[in-house]
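Thanks for coming, everyone. Please look at the screen while I talk.

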Amino acid sequence: MEELIDKLKLQIIEQLNLEDIEPEDIDADEPLFGTGLGLDSIDALELIVLLEKEYGVKIQNPKDGQKIFYSLKTMAEFIQENQ
Amino acid sequence: MINNSLKISKYCHISSDRVLVNGKPFIENINGLDNKSFLKHIYKSIEIAYSKFFKMDEISKLGFLAVEILLKDINLSVYNSEDVSIVLSNSDSTIDTDYNHQNTINDYENFFPSPSIFVYTLPNIMIGEISIRNGIKGENSFFIVEKFNAEIVVDHINSLFLTGKAEVGIGGWVNFHQEKYEAFIYLASKNGNINHSASEVNKLFNLIT
């Protein structure tokens, strides 16, 4: 899990162009949206693409998005459960 | 149509080798940086902190930086946000971003359209970024023309001014295609020493070439 979270940190920084953010700045348990990284709705769409492209994982029910993208940890758990 | 009531108080040029403010050198690309690196260098040089900048496409970054430099030390808050207009133009629209987006959907087996690239496939998105950053809510237009046409920009801003729809106009040209890019942005209002006419705007535009 730790390895996957570290990989996700790098992928998110690159994919979302978080120029001023270092991997160690991202707390795996902290909310991804609303505070901290300052992600927006386009970033959410980009995260959906990232899951499909890099992990072959699709979100079947859009309503689950809020729960899946709550934090890096919840993202990693979703990937592990669905790969 | 020439309306001598509007004046130009400040203007800014950005090209691949330098940034000029009122025709004077402001930042030089002494290390021959490529476009991405030079725009980042300008961003760092003017000491702003706006993380959204890094999410923009290259043409939006270019226009954003030109307006940042233009409005430095200018207090736009003395105007109603609805009275500040933006009229920009270019010849290549967002062609580089269009290609970037196309590259995400070319391969049927690797078909992952990027939302963050797609949202920048219109040049007036750049105006949106500038407006959000500066709290501008006035009229705006983006013209795509073969080459810089001062009359279109000047007449449009003057028209907004004459019909009471704007007190200030940010006008100019922001073009970006591959490694060739140029921005020329000026501020027109009741203050300034240069007439807001097509001939004067053409003279200022040509300072970069």
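How do the residues of the lining of the largest pocket divide into nonpolar, polar and charged? They divide into 12 nonpolar, 12 polar and 12 charged. Ala, Val, Leu, Ile, Met, Phe, Trp, Tyr, Cys and Pro count as nonpolar, Asp, Glu, Lys and Arg as charged, and the others, Gly among them, as polar.

Some ground rules. This is a predicted model, where local features need pLDDT of at least 70 and side-chain atom pairs count only at pLDDT 80 or more, while totals for chains, interfaces and linings use all residues. Residues are numbered from 1 along each chain as its sequence is written, chains are lettered from A and ligands numbered from 1 in the order in which they are written, and side-chain values use heavy atoms, with hydrogens and water left out.

Back to the pocket. Rolling a probe the size of a water molecule over the atoms shows where empty space is left. On a 1 Å grid over the protein atoms alone, a pocket is an open set of points where a 1.4 Å probe fits, with protein on both sides within 12 Å along at least five of seven lines. Lining residues have an atom within 4 Å of a point. The largest pocket holds about 890 Å³ of space. That volume is the space filled by probe spheres set on the points, which are joined across faces, edges and corners.

The lining has 36 residues. Nearest the centre are Asn17(A), Lys36(B), Glu58(B), Asn100(B) and Ile117(B). Two or more lining residues come from each of helix H1 (2–15) and helix H2 (41–55) of chain A, and from helix H1 (35–45), helix H2 (58–71), helix H3 (95–103) and helix H4 (115–118) of chain B. H2(A) gives the most, with 5 residues. Helices (H or I, at least four residues) and strands (E, at least two) are DSSP runs, numbered from the N terminus.

Next, helix H1(B). Which of its residues are buried? Asn35(B), Phe38(B), Leu39(B), Ile42(B) and Tyr43(B) are. They lie on the same side of H1(B), because they cover an arc of only 145° around the axis. Buried means under 20% relative accessible area, exposed over 50%, partly exposed in between (1.4 Å probe, protein chains only). The arc is that of the directions from the helix axis to the C-beta atoms. An α-helix has 3.6 residues a turn, so residues three or four places apart point the same way.

The buried residues of H1(B) pack against strand E1 (7–15), strand E2 (18–21), strand E3 (24–28), H2, E6 and E7 of chain B. Just after H1(B), Glu47(B) takes a positive phi of about 55°, although Glu47(B) is not a glycine. Glu47(B) counts as exposed, at 72% relative accessibility.

Now H3(B). Asp96(B), Thr97(B) and His101(B) are buried there. Their arc is only 135° around the axis, which puts them on the same side of H3(B). Tyr99(B) and Asn103(B), on the other side, are exposed. The cover over the buried residues includes H4 and strand E6 (168–177) of chain B.

Two serines sit in the loops around H3(B). Ser93(B) is in the loop between strand E4 (84–90) and H3 of chain B. Its phi is positive, about 45°, although Ser93(B) is not a glycine. Ser114(B) lies in the loop between H3 and H4 of chain B. Is Ser114(B) buried or exposed? Ser114(B) counts as buried, at 6% relative accessibility. Not counting residues up to four places away in sequence, Ser114(B) touches Glu46(A), His101(B) and Thr104(B). Contact means heavy atoms within 4.5 Å.

Last stop, strand E7 (residues 180–189) of chain B, where we find Ser189(B). Ser189(B) counts as buried, at 3% relative accessibility. A polar atom of its side chain lies 3.2 Å from the backbone nitrogen of Asn191(B). Ala188(B) is in strand E7 too. Ala188(B) is buried, with a relative accessible area of 0%. How many residues apart in sequence are Ala188(B) and Lys7(B)? They are 181 residues apart, yet 5.3 Å apart in space, C-alpha to C-alpha.

That is my tour. Questions, please.

Conventions: A polar contact is a pair of N or O atoms within 3.5 Å; within protein, one must be able to donate a hydrogen and the other to accept it, and residues adjacent in sequence count only if both atoms are side-chain atoms.
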